Structures are given as C-alpha cells and as structure tokens.
Amino acid sequence: MMKKKSISASKASLVFFLCQMISALDVPLDSKLLEELSQPPTITQQSPKDYIVDPRENIVIQCEAKGKPPPSFSWTRNGTHFDIDKDEQVTMKPNSGTLVINIMNGGKAEAYEGVYQCTARNERGAAISNNIVIRPSRSPLWTKEKLEPNQVREGDSLVLHCRPPVGLPPPIIFWMDNAFQRLPQSERVSQGLNGDLYFSNVQPEDTREDYICYARFNHTQTIQQKQPISVKVFSMDSLNDTIAANLSDTDIYGAKPVTERPPILLTPTGTTSNKVELRGNVLLLECIAAGLPTPVIRWIKEGGELPANRTFFENFKKTLKIIDVSEADSGNYKCIARNILGSTHHVISVTVKAAPYWITAPRNLVLSPGEDGTLICRANGNPKPSISWLANGVPIAIAPEDPSRKVDGDTIIFSAVQERSSAVYQCNASNEYGYLLANAFVNVLAEPPRILTPANKLYQVILDSPALIDCAYFGSPKPEIEWFKGVKGSILRGNEYVFHDNGTLEIPAAQKDSTGTYTCVARNELGKIQNEVQLEVKDPTMIIKQPEYKVIQRYGHVSFECIIKHDSTLIPTVIWLKDNDELPDDERFLVGKDNLTIMNVTDKDDGTYTCIVNTTLDSVSASAVLTVVARPNPPFDLELTGQLERSIELSWIPGDENNSPITSFVIEYEDGLHEPGVWHYQTEVPGSQTTVQLKLSPYVNYSFRVIAVNEIGRSQPSEPSEQYLTKSANPDENPSNVQGIGSEPDNLVITWESLKGFQSNGPGLQYKVSWRQKDVDDEWTSVVVANVSKYIVSGTPTFVPYEIKVQALNDLGYAPEPSEVIGHSGEDLPMVAPGNVQVHVINSTLAKVHWDPVPLKSVRGHLQGYKVYYWKVQSLSRRSKRHIEKKILTFRGNKTFGMLPGLEPYSSYKLNVRVVNGKGEGPASPDKVFKTPEGVPSSPSFLKITNPTLDSLTLEWGSPTHPNGVLISYILKFQPINNTHELGPLVEIRIPANESSLILKNLNYSTRYKFYFNAQTSVGSGSQITEEAVTIMDEGKMAMASRQVDIATQGWFIGLMCAVALLILILLIVCFIRRNKGGKYPVKEKEDAHADPEIQPMKEDDGTFGEYSDAEDHKPLKKGSRTPSDRTVKKEDSDDSLVDYGEGVNGQFNEDGSFIGQYSGKKEKEPAEGNESSEAPSPVNAMNSFV
C-alpha cells in the first residue's frame, strides 16, 4: 500500500514528525501544506551528548528546530537559565538556537565547561535537546623523569613502560626510533593495549638507545614524545668472559648459558580477571606472554564458540577483538600461551552491560478534535532503565493538567482531545550507563479537505501495465475519497480498480479504453473538494528483431540487429552496452539506426551485447553473446621424457584455444642429421591429450614440434623440442617398388625406390642386388652397390623372366631377407604377322575383320594388342582415285576380330593387321581388299527455278555430291499453294538420271508452287531439296479489271458489292472463331500422321486443296523463289553393336576395342510436313482467295 512518499532533504528535516504518526490521520509531505499547518516544535539538529571541543577554536553548540509558527530558543547551563545577552562572547545564530562561543578573541574554553540544554518553544509546545556536556580537549606534556638504561640477559623478558599523560580524549600510542621509523613488531616484540612495549624474550639485536614512545592527540593534532629508553642485551658468551676476568681461578662461578623457559603471562597477571563492556561497543581482550621459544597465543570461549563474522585477531593473535557485542557475548574467555616446554592460561570473565536503547520510541501524534491516541515509550538496558515523562520540558507531575491525558508508566493515553491538548512530550529512559531522551508531539488539527495533486495533471502509461493516478489529500478529520471517470461518470467500484489509503487510484492493467478524464472527490464534515486528471494509454515498445548469438572469426565483421516498434507519440532512444557497460571508444564500433556493427573483430570484443530501448514510459532490452574464435595459439613447454632406443614420450602445454575447442594435435619431426630444416608428419592425437608415446627410428637426430587444430584451422607450430639422437642399427626394411624391365633386347634394368635418410638406421647405406633366370638358374647372382636406385644386367636373352630381390645394408649389417619379384629382360619387335585375315561387310558403312593370333613366342615381349590399318582405294561410282589416307584402329589384348565403322558406300578398301608389343609393331599381314555396297545418295547439290511464264517454269539441278552408288533417276514432286497457304494436289514426275534440267508446262498463272527434289539409286531415294516459285500474271485479265473500274463507279454496283462484302465479313468472323477454337488445323493433323507428301490425300468430294503453312525451313528467296535452310542428309542408322569397334584416329574405342562415338545427322522434313500456320489467318488473305 502506498502511504508515504519521499521529499527533499530540506523538507524532511522540517517535518520528520509527519513520518511517525500512529493515528488514522496522515499528513502528506507537501511543502505548501506544511507551511500552512500549525505544528509544535521539533528538534532537527543538536550537538552530541559528550562534546569535546578544541580549546583553540570557537565553540559551536548546535540546536536547530522547526515548527509553525517558528519556535523561539532558550538555553540552560548546569541546570539554570543561561542568559546569553549578558555574555559578550556568546551569540545565537539568527532564526536558530545554535550558540557560538567566541574563543579566538580572548575567551577561555575552560570557562565554558558544563552541561547545556536547548529549548525550542512556540504556541503549541516546547521541545528540549539532550544534555550536552562541553569539555575542552587536553594534550599535556610528559612529566620529567630520569630513565635508567635497561640491562638484560639474552632470552629474558622485558617490558618498556610508556605511561602517557592523561589527555582528553585519550592519545594514540606508538613506538619509534630517533629516525622517526616505527620499531618492527612481531610475535616476540609487540605493543600492548596500554601502550607498553613487551619483549617475550630479548635478543642481542634488541640492543639500542632510542626506544621512544609517542602519544598522538588527534583532537588537537599534536604529538608528545617520551624521553628515549636505552636497552642493552648481554649475550651469555660475553657475560662469561667478563665474569672470568674479574674472578680468581679458585672461584667456581659462571653465567649459565641461555636456557629455554616455559611461558608466563606478562599481562594480564594472575589466572583470572574481569572485564565489563557496553552493548554495541568493541570488546578487546589481551594476553601477552614471556617465554623461550616465543609462546603462541590461542583463544577459546568456555562453554561456547567465538561469534562468527564478528571475531578478529590482532597483534599476532595476542588481542581478541569482538565487534558489536551484545549480552550474548558475556562469558569466560580463556587465552592459552604455549611453547615446547609447556603452557599457561588466563581466564577473563566478560560481562556485557547496556546503556538504555529503544524498543519503542514515542512517535508524533496528529489527531482531529475528539479523537483518541497514545504515546508509547519503551526502552531496555542492563540494568533496566527507568522511564520518566515531561510535558513541554517540565516533569509531567508538575505540568499543567490536561483532562484528556492519562499517564500509565511508559504510556500516555489521550481521550477526546481538543485543540488545547497540543503539546510536546519528552520521554527519558536512564540507567547508570546513560540515558535516552525523545521528543514526541501531540498536534490536534481541524482542517477542511485539500487536494494536493495538481489539477489536470497528465498521466501516461503503457498498455497492460499498472496505472497509478494520484490524489494526494489532507484534512482533519480524515476525508473520504471517491473516484469518477468522465465529467458525468458514475463512481468507480469493482475488482478492476484498487483504491489506496493515500488516495491513489490503481488500474492494475490499463487498456486503451482506460484513456480519459478521472475525477477525485475528497470530503469530510468541514467541506468537499474535487480534482480532475488525465490518463493516456500508450502502445508498448517492443524489439521485433532481437540481436542473435554470433560466432565470428578474428578480424571478421559482425552485425547485431535491434529493430523496434513503438508508440508513434513516444520518441525512443537506443543504447548499446557491452557487458553492461558503455561501448568501447573505438571507431570499429558502428552504431546504426537498427544495428550495431563491429569491424575487424578482436579477442577483446568477446562478450555480451545489449540493446536497450528507452522511452519516457518504458524500457526494453535484448542481449546476445558474441564469441570471437580463432585458430588456437601454439602449444609451448615441450618436454621429452622416458627416452628409449625406439620410443620417447613427448608432452606439452596447450595454448589458448580462442573459444574454439582444440580437436587434435599434430606432431611433426625434423631429422637434423639427414634433412635439416625439413619437417615431416609423425602422428596426430585427440585434443584432450597432451602427452604421446612416439616410435623412433635408429640413427635419427630428432626434434619435435606440435601444432594445435580446431574448427577454424591450425595454429602456428610450437617451438621445437630439444634434440634426441637415436643409436644406429641394422636397416629395418628393404627398398620398395622393385622392378625388372629391360631397356634393350639383351639387358635387364633393375630399379627400386631408395630408403629415406632416417630409414637407413645407420651410416654406410648400400644395396645388395640379386637376380637369376626363372626356372633356369639355381644360383643367385649378386652385387653390392652404393646408395643408388638402379642396376643394369647386360647379356641377357631377349624377353625372359627373372627373379629379382634388393636388400638394404649399412655398416652394422643387413636388413631382413627381401621378397622376390618377377621381371623380364628387354623386348624386341614381333617376328610374325597375323594370318588368315578375313573381312565381312555388314552394310555400306560397316565391316567386320577377323584374323588368327600370332604365337606368343614370336611376340618377343608383352602382347599389347593388334592394329588394323585400312584405307579407301577408290569410289566405285566415279572410278577416280584420290589421296590415300590410312586409318588405324587398335584392339587391346589378345583379340582376333574387330569392327571397322565409318566406311563410305560403294567404295573399294584395303587393310592389313599387325601385332604390337612394348617394343613396337611387328610385320604387316598381306593387304586384304574389300568393297562396300551401294547406299542412298545425298541430296542434289542445287535446285534452281528460272524463266517463269504464265504457265511454265524451268528447273535446273546438280547431281549429288555423294551418289553412293549408280543413280537411276530423279524424283520431282510439286504442289500449288494458294493465298491462304493451303496446299493443292501433289504431282510426281520421274526424271532420267542423265538429265540436269526440266521445263514444267501447263501451270496456272500467278500461282505459287512448292517443289521437292531428290535422287535415287537401286537402294532407295536420298535426301530431298525443296524450292518455291511463282508463275507470272495474265495481262488480259489485268485489262479486264481495268474496264470494270467504270462499272464499279455505278451506284447499283456499289450497293451490290457492299452487301456481298458484308456477307463475306460475317462468314469470315464465324470461320475465324471456329478456327481459334480448333487448336490444330486439319491439314496439320494429317501431316503429323503422314510424313510423306505422296500419301497426302485430296478431299474426296471436291478435290480442293488441303491447308498449308510455310515452315521455318522453307523461307522464300528474292524474286519469288525459296531455298531450304537445311540440306543435311541424315545417314542411315545401323543396328549393329559397337562393342567390337577399335581405337583409331577418327574415333574413340575402349581397351577391348569397343567404339565410343556415334553417328548422327538432321533429317530433311518430308513434303507437306510441319504445315501448322505460324500466324492466325487474316480477313484480308481470306478475301484475296476469292479473287
């Protein structure tokens, strides 16, 4: 519940009593209201009870009080009235009760010692201050005294007494030397609480003449010095020498050597002592012991534990310190001093007394006339304090009577008070250790209601948040508060509102419809008042795109988004924080409207970034973590341990992983003996491992380094480890990749891969090379060679198998027995050609060849395959020779047949076959002749249409470039095309093969014709070529049309033509609609089903033309002719398999001789094919067709 508000410090001191009311009447802390209300005096500031002043400065005794009307002040000194007007050294500050005693202008501080008390009084009562005891501080000098030097034996205890002069307040004691350096203290030498310097046992180094005790009086800022004290320590050796020199030889005497002694207490003395301390103070208990060796002090509490968190040990555990003591700390505390010879102890009985302290201090009382109230004053202490009451500074027993007041011990009861009952009451709680004095007033007020909240104050809140609308009020008796919404609204009630005692109206979750005017009404029996305020509900501020967690590599760029939505009437401010602090002052941080960008990210940018959006009403924030990752730092502190001949343990310390866990460590080595400066991979271990057992090879000077790996990459290599040289040994392994291949027919070249330097295992690396002819020799032939990788054996038979082995050796011995490999001596060219070569012609472009394999012995090497050489001799159709271009196909392995693709039809070919080994080709087989059959010809080389007349056209053509056989005829097909691109009936003419031109007669005038032309052999027709041409217009018809112009000028003719045109237009529109709905034209459907123009049917009933569309490959030429766009002839497809095709210069084949390529071409469209119109028919063309 909201019953109080804070005010400024200046106002708080004015009316602190208003915070302590126990009646139902609360007075708001409003400055204007407080200035108008009457109130009794209240002491707001006063000097401390025990006031020690500096005798050199003016004495200021504070007494400040507030009240309405402002109070007047008076003082008593030592219980009697202090008339300040009679002492010219004493003045009182204006509008204050504070006294200023002028000491600096001749006054004496000692003359003003005493007990002072201030009284503040107005018409409603009188308040009094504490008794303030004024005492000037004192810092007296040390008395003159003669200090004798302290002569003490080594090991004895010693106490140097300080005995400072009694000052006010007591001085602070410390020991120094003549150079103003503090004397060192320890368990052996320390200063006690009384200021004395204690030596548990003295040592020769304690000898000095400047032990000086200083007393510092803080109040006067002075330091007093005691005369220096001299200490001389005699060692046992020097003391014995002195005694021996002064005694006769007959005297049997000598100083005993330093002896160890058990502990004894220097302070406190005896076995028990008592200590009284007041509640809330600091308890200090001390035990200092003598002994040799120096005793150690330990503290315990008998029957309990030392209080935790409040117990401290000082002065090398010689002082027990307990802060803020209470009655529970009473008891027996034992200190125990112990060394190796024994122990001693002392018990201090502690009693905690208590000056009075408040349980319930009296609180100010503000009442309305006729109300009841109580003042309660309860205090505690040890012993229990007595309670006494005063009224306006006078003991209540002799104060004026008030019928509404009744005193009952520590309580005053008020009944049916009146305005004259206003007064200030004092409660005094006292015991032998002190007193407490508290003022509490009773203020009886009769006031009509007042509303302190400003009129028309505007409150703004966020949607769904609580709305607190103030109605600060005051009145006596306490007014009743009612709330209304709107000018004529009804009183607010119900669970949706909360009504606070201080008048505040709370709407727990404000909505948009909560916006409006609210009226507060306050009334009591003395009057009524109302006030209007305004409430506005705003949309909340939201972060609709929050920053997200980012992982970024070092030196990259990163951006955090913070997109907000807010009420349009509020102005947001966006602040970015890093780790809840301001962003670094760095130009790399770029703050945009909706984002924060960090350029060139470094490790120090790692952290949490927070976007804070503030408005005058709300604040929202969102955070995201930035993790900066990088390659790990290199490992360090590499150490080699457990050195053995063939193994060693390597350990290291990982470097910083830079926020990306280390996944593995790569270990590399350097062979400083054989390959200095070259690092080799040794092994890799998981990232959790920091030691590894490494296998070593003999005769290697090892250095190791470690590389850390994480998801970002590899670290820099570590610093190399120390070097470790392994001992020499026999080779562990033999050379690898041993081969025997002859380079000449009479030799054997033995090769191998040499061992690496570290594989030699020792100095003097050599190789023992051994060989023998397989299945012929029993004995090995061997030779030892230097560190090379090849040896040549001469004088061998051609291409025979050999068993070969190569063994490594060094100065210490041989490697293990090597394994044997099979090699062959050198190859020579094959001796025999393949026989029984046969050719089977499959079709006009493909043939299959067969041969018998040669004996393997005649190959004289590794059989690699066979090569077929073939070439075209001549074309059978032209009987003309040309340059012979040989083609080669290679068939891998021991194949005996193959396919020859890509042959030309109707041609004569030759071929031969040769065997191939690693040395080369053997002799060729005898040439084999074969011929390919006829094929279909290519298209005629050209087709020209010339000399157009009314009814004829002249056609000229060239023979096919590739006749592929004997031409037997040409086939000409043609058909007319009308103005709507419809095709007429197809006419076919066969022309002898020896003709090269033809005149077509009886054609229609002014008509376009399309021609299809191809050649034929006995096998079939070849690709066709197409052209278009137009016959010329009849001149007579043109003249007739000219004469009809005159008729056309006649009215009747014009009307007739218009009717005909209208009818045609209607028909065309119907036709046009039907055609658009039809999809494909009928002719196109027929053409799709029949590619050959010969089977293009005419309409059975009337013989009219079908439909025709000019395809892209039949674009018209100038002067009414057209040429085909593509005259490519598609070769006939072969159904034969290509598995047996060989490898050649004109194709690709697999190792088994299969052909990889393929043949393809574009086939010329057949006549009347592809006649789908490329554009919709127009009415103009349709009308032309009727002309």
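Strands 43 and 44 (residues 505-507) run antiparallel and are joined by 2 bridges. Strands here are DSSP runs of E with at least two residues, helices are runs of H or I with at least four residues, and both are numbered from the N terminus. Two strands count as paired if DSSP finds at least two bridges between them. Within this pair, F499 stands opposite L505 in strand 44. Both strands belong to an open sheet of 3 strands with the order 40-44-43 and antiparallel pairing. Its edge strands, each pairing on one side only, are strand 40 (467-469) and strand 43 (498-499). In general, the strands of a sheet pair through backbone hydrogen bonds, in either a parallel or an antiparallel manner.

The model is predicted, so local features need pLDDT of at least 70 and side-chain atom pairs count only at pLDDT 80 or more, whereas totals for chains, interfaces and linings use all residues. Residues are numbered from 1 along each chain as its sequence is written, and side-chain values use heavy atoms, with hydrogens and water left out.

The protein chain contains 8 helices and 86 strands. Of its 1187 residues, 42% count as buried; buried means under 20% relative accessible area, exposed means over 50%, and partly exposed lies in between (1.4 Å probe, protein chains only). The chain exposes about 62700 Å², of which carbon and sulfur atoms supply 50%. Accessible areas were computed by the Shrake-Rupley method with a 1.4 Å probe, and for residues only the protein chains shown count as cover. Among contacts (heavy atoms within 4.5 Å) between residues at least 6 apart in sequence, 66% join residues at least 24 apart.

Another open sheet of 3 strands has the order 79-80-83, again with antiparallel pairing. Strand 79 (940-946) and strand 83 (997-1000) are the edge strands, and each of them pairs on one side only. On average, neighbouring strands of this sheet are turned by 15° against each other, direction ignored. For such angles, axes are lines fitted to C-alpha atoms, for helices over the stretch in contact, and values run from 0 to 180 degrees between N-to-C directions. Strand 80 (residues 953-960) is joined to strand 83 by 4 bridges, and the two run antiparallel. In this pairing, E956 stands opposite S997 in strand 83.

Side chains of opposite charge can pair when their charged atoms come close. A salt bridge is defined as a side-chain nitrogen of Lys or Arg within 4 Å of a carboxyl oxygen of Asp or Glu, and by this rule the count comes to 35 salt bridges. One of them joins the side chains of R135 and D50 (2.9 Å, N to O). This pair links distant parts of the chain, with R135 in strand 11 (residues 132-136) and D50 in strand 2 (residues 50-53), 85 residues apart. R135 is partly exposed, because its relative accessible area is 27%. D50 also counts as partly exposed, at 44% relative accessibility.

A salt bridge is also formed by R261 and D156, whose closest N and O atoms are 3.7 Å apart. The pair links distant parts of the chain: R261 lies in strand 20 (residues 261-267) and D156 in the loop between strand 12 (150-153) and strand 13 (158-160), 105 residues apart. R261 counts as partly exposed at 25% relative accessibility.

In a further salt bridge, the side chains of D828 and R860 meet at 3.6 Å, N to O. D828 lies in the loop between strand 71 (821-824) and strand 72 (835-843) and R860 in the loop between helix 4 (856-859) and strand 74 (863-875), so the pair ties together parts that are 32 residues apart in sequence. D828 is partly exposed, with a relative accessible area of 22%, and R860 is partly exposed at 26%. Salt bridges that share partners also join R153, D156 and R261 into one network.

Two buried residues were examined individually. E668 lies in strand 59 (residues 664-671) and counts as buried because its relative accessibility is 12%. The side chain of E668 makes a polar contact with the side chain of R705 (2.8 Å). A polar contact is a pair of N or O atoms within 3.5 Å; within protein, one must be able to donate a hydrogen and the other to accept it, and residues adjacent in sequence count only if both atoms are side-chain atoms. Leaving aside neighbours within four places in sequence, the residues in contact with E668 include W679, Y681, F704 and R714.

N364 is placed in the loop between strand 28 (342-360) and strand 29 (365-367) and counts as buried at 2% relative accessibility. The side chain of N364 reaches the backbone nitrogen of F441 at 2.9 Å. N364 and N439 are 75 residues apart in sequence and 8.2 Å apart in space, C-alpha to C-alpha.
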